[in-house]
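Subject: Handover of a structure

Dear colleague,

Please find below the structure that I am handing over to you. My notes on it follow.

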Amino acid sequence: MIEAYLLIDFGSTYTKLTLVDINNATIIATSKAITTVETNIMDGFDEAFKKMNYDHQQIKISKKLACSSAAGGLKMVTIGLVPELTVEAGKRAALGAGARVLKSYSYELSNAEITEIKAMKVDIILLSGGTDGGNKAIIIENARKIAKNLTNIPIIVAGNKCAYDEIETIFTEYNISYILTENVMPKLNQIEVVAVREQIRKVFMDNIIKSKGMDKAESFTDGILMPTPAAVLKASEILAKGTSKADGFGDLIVVDIGGATTDVHSLAAGFPTKAGINLKGLQEPFAKRTVEGDLGMRYSALALLEASGEKNFYDYGIKENIYAKCDFRHQVVDFVATTSEEIKFDEAMAKVATKLAINRHVGMVEVAYTPLGEVFNQYGKDLLEVKYLIGTGGILVNSENPFDILKEGLFSKQEPTLLKPIAPEIKVDNMYILSAMGLLAFDLPDCALKIMKKYIIDK
Amino acid sequence: MNAKTVVIGVIGADVHAVGNKVIDYALKNAGFNVVNIGVLSSQEDFINAAVETNADCIMVSSLYGHAELDCQGFREKCNEAGLNDILLYIGGNIVVGKQENAEVLERFSKLGFNRVYPPGVNIEAGIEDLKNDLNIK
């Protein structure tokens, strides 16, 4: 009898299954079918499961774990104090937890902003503001406004701990469902995202699943553990850092090009690799995720064109009908490119998405001219010496030229101030297993690491 | 958490780090909660730090003579950010060459600074002033 784990990703488009032999760290089978969240989430699962080819006599599924980005994913808004400080810190924490951050707010919330949040139907609100011992007036005022107006949304508070007693009194009075956790910025420019991420995951598991028509899936599995992007980040983190028993593979970047967004995950401290550079601004989390809502292959195709301009397509040999082709993909989101011309256009879009998404993710160096000569300031992460650049997402997994697409994310002498990787090894998640490995890593990190080594790094 | 909070840093394109560390050390020893934003700091960096940490005083250092340019509109920006009552101190080589102290003091007072220190003043004197201004016994 072979003991196996069934790992399920209820994605926004596809429900993807991965069956893993946990004793030999091998993948037995994978399968996918269209996600059916509107009717019964299990219809899509059943179809995918039927298609999956494995020996039912020999293989016993001992556990089923799932992640989900179906039904719009985990929608959040974050609230902080100063835009460059606690607002940014809160946003990073929420993104790292796999959320879709619809909007971030700063300073005292206005009534119009409260109305806006109400209309967005968000799943969780993250409330921060103030360093420990710092400003508490604004976070308390915002807690009061939330309590009075937004009664049905779970709140995670990650701000100035000196304001917690008063916030508790307010939320208890108004019967708000809330969690107090560690400050996302306990000291100026110091960011603490791990505790917040974990709380977001818990609220997601406890409250959100039920409200998204996912309860049938929840009772069938041993738990819908996290949003899909959090699973990808978890897998990447294990891959980079290793486990208590085995070393990881060092700093890496994962690019995930989807239909609506392009996600970039970097697993690296990002400290300056050259001498004499001042690190400025907010501290970066080791595991950092950014999401580009305007860079996608289908739903966001027009936004991608707007962000890049037509001339970016010229570089990839595409000169005609650029607008029309993007518009078509924006309208027909389930379009699959089949002719060589259509495939070439999709690949050009993917190149644009890779380039812009990595440009926005990485840090930059700025030269300041002083009476003492040139000095260099670094904002964000230095990823020049990252060892691996890994691609995932439909276009990269199915393309015949994934390396050409990913090369667009490398350092360029034309833009020397952008700290992009110079010579990483480029790898592709051919079997689309990253999110599944994030789930597996939750129980069996060593097994997940071995599988990722076998199917991604050593390929 | 009841200690008074002071934001310190070196303004503008100035990289003099030693005095900044001395001030950090002296203020901490005197019982203050010190938020040090370091060298090469802009007005916005000082103000953002003060808002988020609810600071009582911003203490600006400048050693390279350009302080007057670097501090234009500082008090106005503080007011804009809601830091109406915050104390603004400045010290160091804040002007170029030898100039009359009284005149320098007047110019920086007009920029909205509560205390202005020419070269050669001990940090202890500044800390005494700070305690007085914040009513610390």
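How many Å separate the centres of domain 2 of chain A and domain 3 of chain A, taken over C-alpha atoms? The separation is 30 Å.

Before the details, some conventions. This is a predicted model, in which local features need pLDDT of at least 70 and side-chain atom pairs count only at pLDDT 80 or more, while totals for chains, interfaces and linings use all residues. Residues are numbered from 1 along each chain as its sequence is written, and chains are lettered from A and ligands numbered from 1 in the order in which they are written.

Domains and contacts

The domain bounds come from an automatic or database domain assignment. For chain A it gives domain 1 (2-70 + 212-227 + 434-457), domain 2 (75-208) and domain 3 (252-428). Eleven residues of domain 2 of chain A are in contact with eight residues of domain 3 of chain A; contact means that the C-beta atoms of two residues, placed from the backbone, lie within 7 Å. On the domain 2 side, the touching residues comprise five nonpolar, three polar and three charged. Here Ala, Val, Leu, Ile, Met, Phe, Trp, Tyr, Cys and Pro count as nonpolar, Asp, Glu, Lys and Arg as charged, and the others, Gly among them, as polar.

Between the chains, 20 residues of chain A are in contact with 14 residues of chain B. Helix H2 (83-96), E15 and E16 of chain A each give two or more residues to the chain A side. Helices (H or I, at least four residues) and strands (E, at least two) are DSSP runs, numbered from the N terminus. By class, that side of chain A has ten nonpolar, nine polar and one charged residues.

The five-stranded sheet

Five strands of chain A form an open sheet in the order E3-E2-E1-E4-E10, with mixed pairing; two strands pair if DSSP finds at least two bridges between them. Strands E3 (26-34) and E10 (224-227) of chain A each have a single partner strand, so one side of each is left without a neighbour in the sheet. The twist averages 20° from one strand to the next. Axes are lines fitted to C-alpha atoms, for helices over the stretch in contact, and angles run from 0 to 180 degrees between N-to-C directions.

E2(A) and E3(A) pair in the antiparallel sense over eight bridges, and A:Leu19 stands opposite A:Ala29 in E3(A). These two strands form a hairpin with four residues between them, and A:Ala25 in the turn has a positive phi of about 50°. Helix H1 (residues 41-51) of chain A lies across E1, E2 and E3 of chain A, at about 135° to E3(A).

The three-stranded sheet

A second open sheet of chain A has the order E13-E16-E15, again with mixed pairing. Its twist averages 35° from one strand to the next. Four bridges join E13(A) to E16(A), which run parallel, and A:Phe376 in E16(A) is the bridge partner of A:Ile277.

Helix H8

Is helix H8(A) largely enclosed or exposed? Of its 14 residues, 13 are buried, so H8(A) is largely enclosed by the rest of the structure. A residue is buried if 20 or more other C-beta atoms lie within 10 Å of its own, exposed if 12 or fewer, and partly exposed in between; C-beta atoms are placed from the backbone. A:Gly242, which follows H8(A), has a positive phi, near 85°.

Yours sincerely
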